[in-house]
Amino acid sequence: MCAFCALLSGGSHWSEAGTDAAESDAPSGRDRLMERHHRVRLVNRILAHHGCKLSDWNNNSYILRSQRGQTSIVDSLPQVWARAEEISKKPADPLDPGLLERLSKTP
Amino acid sequence: MAAYSRLTPLFIVTGFLGSGKTTLLNRMLRHPSLKDAAVLVNEFGDVGLDHFLVEKMDENTVLLESGCLCCTIRDDLKDAIIELNSKRERGEVPYYKRMIIETTGLADPSPIIFTLNSDIIIKHHYRLGSIITTVDAVNGLKQMKRHAESVKQASVADRIVISKTDIAEAGDIERLRAKLERLNPSAELIEAVNGDVDVKRLLRADIYDARTKGAEVRRWLAAEEKNDSEHHHSHDVNRHDEHIRTFTLTFDEALDWTAFGIWLTMLLHAHGEKVLRVKGILNVKGVEAPVIINGVQHVVHPPMHLKAWPDDDRRSRIVFIVDDIGQDLIERSLAAFNAAAAADAAAA
C-alpha cells in the first residue's frame, strides 16, 4: 500500500505480472516502469478512437480522462476497457473495423 | 503468493447428464493416488461417501453486473472451498493435496472457472488443474447436436473421457472421436470401459505441473498440426460444430508482450463469452524462453515460461476455440496491435 495515498497495490492482473507470472515475481524497478509507459502509449493509440486518454498514476494505477473532462481511476486493462466504453458509449472491441483502420493509419 | 505450480490444483469433472461423471468420479476416488484429494459435489447421490472428504454444494449463483453468463460467481462453490481450506489450515481435516469439483450435467463449467479466479483467498491457495469432460460414446454425438452445454463442456476440456465404449458400436466411437478431435484438437481423448481409466494420466499431468508441462505443450502442438493437415487435405467444410470454430494463428515475427496483453484483455472484454479457449506458445520480443498462455473464456491463467522450445519451430502458435468469430478478423486484429507496438517503438 502506498503510505501517502493509501492505494492498495494492484498489479496482480496477468497482463501486468510478467511473462513468467506462474513461477516468478512480476517485473520491478526500471523494467516495470518502462513497460507501464509502453502500455500507456499503446493504449492511448487505441483510446484515441474513443476520445479518451490514459495516464499512469503513481506507477500503481491509471487515470482515464475523457475529452469532456470525466476522470476515473482504474487499476487494470479490463477496467480501462469497461470504463472507456461507458464514457465514450463506443464498444471497446479490438475487432472493430473502424479501430483497426485507425491503428493502421497512425504513424 | 506461492509459485503457481505449488498451489493446490483444482480439477473440474464435467459432462452431460448420464455421461458417466459419477462412475468416473467413484473410480477415481478408489484409486490409491487420490487418497489425498478433497471432492466437492452437487449431489451426494452415488458418489462414494466412504472417501474421507466429500462435501456438497448448494447451487447458489450470483450473476455479476456485466450480465455475462460466464462471469457468474458461484457463491456455494466459493464458500465450500474457503471452508474446507480453513479446516485444512486448522488441521480439522487431513491435508488434502488436490481438490476435485464435480459439476451438474447441465452446468456450463465457465462460472466455476470464473469463481476460482475471482476470489482472493482461493487464488492464493489454489490453481486450476485440468478440466475433465466425460462424453458418452453411445449418445454423445446426439447430445452435442441438441445441447449447447454439451458442446461447451467438450470445447473447454483439457481431457475428454469417452465413456460407455463397452456398449457402443465401434463406428459410433470413431465418429465421436473424429468430432471431438475437430472440436477441441488439443484435448487428450481417453477411452473408459466401465469407468476404468488411467487416473494418474487424468490428474497428474497438467500444464502447470513442472514435470509435465513441456510434454503437455508438445501434445497440444502435435494435435493441432495433425488437425490442420487433415483439414487442408480433406477440405472438410463441416469440420466444426455449427458455430464453434477451432483454428491456429501462427506468427513468424516475435510478438510484443505488452501489445499482446492489451489485445487479449480487450478481446476478452468484448467477446470473452465467445472465446471458449485460447492457448498457445509465444515467441516474445526480448524473452529467450517460450511463453505459454492458457485461457478459458474471461479467465486467463498466469503466463509461464518453458525451459526450452519443444522443437525447432520458433514461431508463435495460438490455438483458438471460438463461437462464431472469424479467424481472419482475429488474425488481422492481433497483427494490427503488434504493428502498432512496432510503430510506437520506432517513434519512441
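Which residues touch the most other members of the largest nonpolar core? In this predicted model, they are Trp81(A), Phe260(B) and Phe320(B), out of 51 residues in that core. A nonpolar core here is a set of buried Ala, Val, Leu, Ile, Met, Phe, Trp, Tyr and Cys residues joined through side-chain atoms within 4.5 Å, with buried meaning under 20% relative accessible area (1.4 Å probe, protein chains only). Leaving aside residues up to four places away in sequence, Phe260(B) touches Leu255(B), Leu282(B), Ile293(B), Ile318(B) and Leu334(B). A second, separate core has 41 residues, including Leu40(B) and Phe114(B).

Now for the interface. Contacts (heavy atoms within 4.5 Å) link 31 residues of chain A with 40 residues of chain B. The two chains bury about 3100 Å² between them, 69% of it on carbon and sulfur atoms; this is the accessible area (1.4 Å probe) lost on putting the two parts together, summed over both. Trp14(A), Thr19(A) and Leu95(A) supply 27% of what chain A buries against chain B, more than any other three residues. The rule turns up one salt bridge across the interface (a side-chain nitrogen of Lys or Arg within 4 Å of a carboxyl oxygen of Asp or Glu). Arg41(A) and Asp344(B) form a salt bridge, their closest N and O atoms 3.0 Å apart.

Residues are numbered from 1 along each chain as written, with chains lettered from A and ligands numbered from 1 in written order. Local features need pLDDT of at least 70 and side-chain atom pairs 80 or more, while totals for chains, interfaces and linings use all residues, and side-chain values use heavy atoms, without hydrogens or water.

Methods
Buried means under 20% relative accessible area, exposed over 50%, partly exposed in between (1.4 Å probe, protein chains only).
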